[in-house]
Amino acid sequence: MKIYETAKIISEFKEPKEGDIGDFSFIACPIEIGEKVHISTHASFVGKGKLKIGNNVTISPHVTIYTSHPEWRYGLNKYCGDHNPVIADVNLEPHCFIGAGAVIQAGITIGRGAIVGAQSFVNTDVEPYTVYIGCPATKIGERK
Ligand SMILES: CC(C)(COP(=O)(O)OP(=O)(O)OC[C@H]1O[C@@H](n2cnc3c(N)ncnc32)[C@H](O)[C@@H]1OP(=O)(O)O)[C@@H](O)C(=O)NCCC(=O)NCCS
């Protein structure tokens, strides 16, 4: 049995500071990042549209955001019959919180101060100061 030196690995892990992009993240889209933004580890931001992240936004680990998607290649997207990929900006408005493992589709706006629960699939705009969870994400309430 192989015994891993977990303590050593953990000691080398750096919690991302405000303004940093966490370790193991993959940023492959045009991006605009505001002040006091916290982006944790394993972020994956991919696409041809722009991702705009407002001030004081928190993005938990393993969040995936697409700003374009090529479903047409696989015949999956009924709206892409002309074989054009969807390219659409994503906006994370100030003070919103994105829970761990959430996936946000192209063209979505997450409203100011909203909360997206962990592991949600967001394919609809999220209203300001609300809480959305689930797959697909739906509104469960207002933020206190
Ligand atoms: C969305 C969230 C903020 C709600 O927290 P809360 O207000 O304390 O709500 P509760 O835990 O009371 O849950 C309310 C209901 O939603 C469900 N629920 C909560 N979070 C959920 C989620 N992410 N996905 C699906 N259902 C969820 C609960 O099971 C509960 O269902 P019920 O009413 O049928 O019992 C929280 O669950 C969450 O996802 N936080 C993000 C955690 C995270 O990513 N942390 C990373 C930090 S770096």
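Me: Where does Pro136 lie?
Reply: Pro136 lies in the loop between strand 16 (130-133) and strand 17. Strands here are DSSP runs of E with at least two residues, and helices are runs of H or I with at least four; both are numbered from the N terminus.

Me: How are the residues numbered, and what kind of model is this?
Reply: Residues are numbered from 1 along each chain as its sequence is written. This is a predicted model: local features need pLDDT of at least 70, side-chain atom pairs count only at pLDDT 80 or more, and totals for chains, interfaces and linings use all residues.

Me: Which way do strand 16 and strand 17 run?
Reply: They run antiparallel, joined by four bridges. Two strands count as paired if DSSP finds at least two bridges between them.

Me: Which other residues have a positive phi although they are not glycine?
Reply: Asn56 has one of about 60 degrees. His95 has one of about 70 degrees.

Me: And where are Asn56 and His95 found?
Reply: Asn56 lies in the loop between strand 5 (51-53) and strand 6. His95 is in the loop between strand 10 (90-92) and strand 11 (97-98).

Me: Why does Asn56 count as partly exposed?
Reply: Because Asn56 has 18 C-beta neighbours inside 10 Å. Buried means 20 or more other C-beta atoms within 10 Å of a residue's own, exposed means 12 or fewer, and partly exposed is in between; C-beta atoms are placed from the backbone. His95 has 19 such neighbours, so His95 is partly exposed too.

Me: How does strand 3 run against strand 6?
Reply: The two run parallel, joined by two bridges. Ile39 has Ile59 in strand 6 as its bridge partner.

Me: What about Val116: buried or exposed?
Reply: Val116 is buried, because 27 other C-beta atoms lie within 10 Å. Val116 is in strand 14 (residues 115-116).

Me: Which residues is Val116 in contact with?
Reply: Leaving aside neighbours within four places in sequence, its contacts include Ile98, Ala102, Tyr132 and Ala137. Contact means that the C-beta atoms, placed from the backbone, lie within 7 Å.

Me: How far apart are Val116 and Gly134?
Reply: They are 8.9 Å apart, C-alpha to C-alpha, and 18 residues apart in sequence.

Me: Next, the ligand. Which residues are around it?
Reply: Among them are Ser40, Ser60, Gly117, Val131 and Gly134. To be included, a residue needs its C-beta atom, placed from the backbone, within 6 Å of the molecule.

Me: How does that shell divide?
Reply: Into six nonpolar, six polar and no charged residues. Ala, Val, Leu, Ile, Met, Phe, Trp, Tyr, Cys and Pro count as nonpolar, Asp, Glu, Lys and Arg as charged, and the others, Gly among them, as polar.

How values were computed. Two residues are in contact if their C-beta atoms, placed from the backbone, lie within 7 Å.
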